[in-house]
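Visitor: Can you walk me through this one? Start with the rings, please.
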Amino acid sequence: MAEPMTNAVITSKDNRYVKLARSLAVKKQREAAGLFLAEGINNVREALQSAFEPAFLLFDAERANEPRIAELLRLARAKSCPAYAVAGSVLQSVSPAETSQGLLLAVKLPRISSADFAKQAAGRSIALLDGLQDPGNVGTILRTAWAAGLSGVLLVNGCADAFAPKVVRAAMGALYHLPVLACANETAEELLAELKLPLWAADAGGENFRRVSAGSSVCWLLGREAAGPSFYWRERAAKTVAIPMQPGVDSLNVAVAAGILFFSGVEEER
């Protein structure tokens, strides 16, 4: 796959790189190929500037001279990443976004073990996402965790895949900066014990989070909006906290709630 950058424009939707990129919309195919897609100017830049290994880049041939795209083509060349010019209509047929920004980067999936996660996440708060299936919410929470200084995110009980195109897009580069591990409940529980992190569950029936202080790093538990955390994790929570709201408001969007909770501990941890 390590072919040089070429000026020949790919015009067929059956081209092998185009077909491979299209297949990465499906989790099974991502796992088989060991690749995921980064789409758009900012995501591609973050990926190329990270320690992640790019596999190949597809770009809109008619937009190659646009300054931001030309910059990323230079970055790709510097990392020995093959780049292929593609007809705009072909690229749009692959792009997970409604309107392509002119770039699609195939990136090698990271292989993070529980030991890797424990090493990278030690010393700061993390988040545990329990059964969150909306990719936009999962991606936004990853971005928020990165912004708030959390050191990792665990995904359990059928969460949306962290490397699905919509999650990658919503995460806006967070995946390149903090470890994300999808694992079984038992593995996550072992990691919390190893990291010595108390589990704080977010739930409407909990104590006002403003009246309690973690005093140190915690693991924030976030469950589905409708049902909250699963029973498995509820019974393991050291504390259950809630965000106070006006009467009549049942709940917040889980990504919004995550932002409020994550940033509540920023000053203490820094």
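Visitor: Are F36 and F163 buried or exposed?
Guide: F36 is buried, and F163 is buried as well. Buried means under 20% relative accessible area, exposed over 50% and partly exposed in between, with a 1.4 Å probe and protein chains only. This is a predicted model: local features need pLDDT of at least 70, side-chain atom pairs count only at pLDDT 80 or more, and totals for chains, interfaces and linings use all residues. Residues are numbered from 1 along each chain as its sequence is written, and side-chain values use heavy atoms, leaving out hydrogens and water.

Visitor: What about Y232 and W233, how do their rings sit?
Guide: Their centres are 5.1 Å apart and their planes stand at 70°, so the pair is edge-to-face. Rings of Phe, Tyr and Trp (its six-membered ring) pair if their centres lie within 6.5 Å; planes under 30 degrees apart are stacked, over 60 edge-to-face, the rest tilted. Y232 and W233 are both buried.

Visitor: How many aromatic pairs are there?
Guide: The count is 8. One of them, F36 with F163, is tilted, at 4.9 Å centre to centre and 50° between the planes.

Visitor: Which residues form a cluster through ring pairs?
Guide: F36, F52, F163 and Y176.

Visitor: New topic. Which residues are buried in helix α9?
Guide: N185, A188, L191, L192 and L195, in residues 185-195. Helices (H or I, at least four residues) and strands (E, at least two) are DSSP runs, numbered from the N terminus.

Visitor: And which are exposed on the other side of α9?
Guide: E190, A193 and E194.
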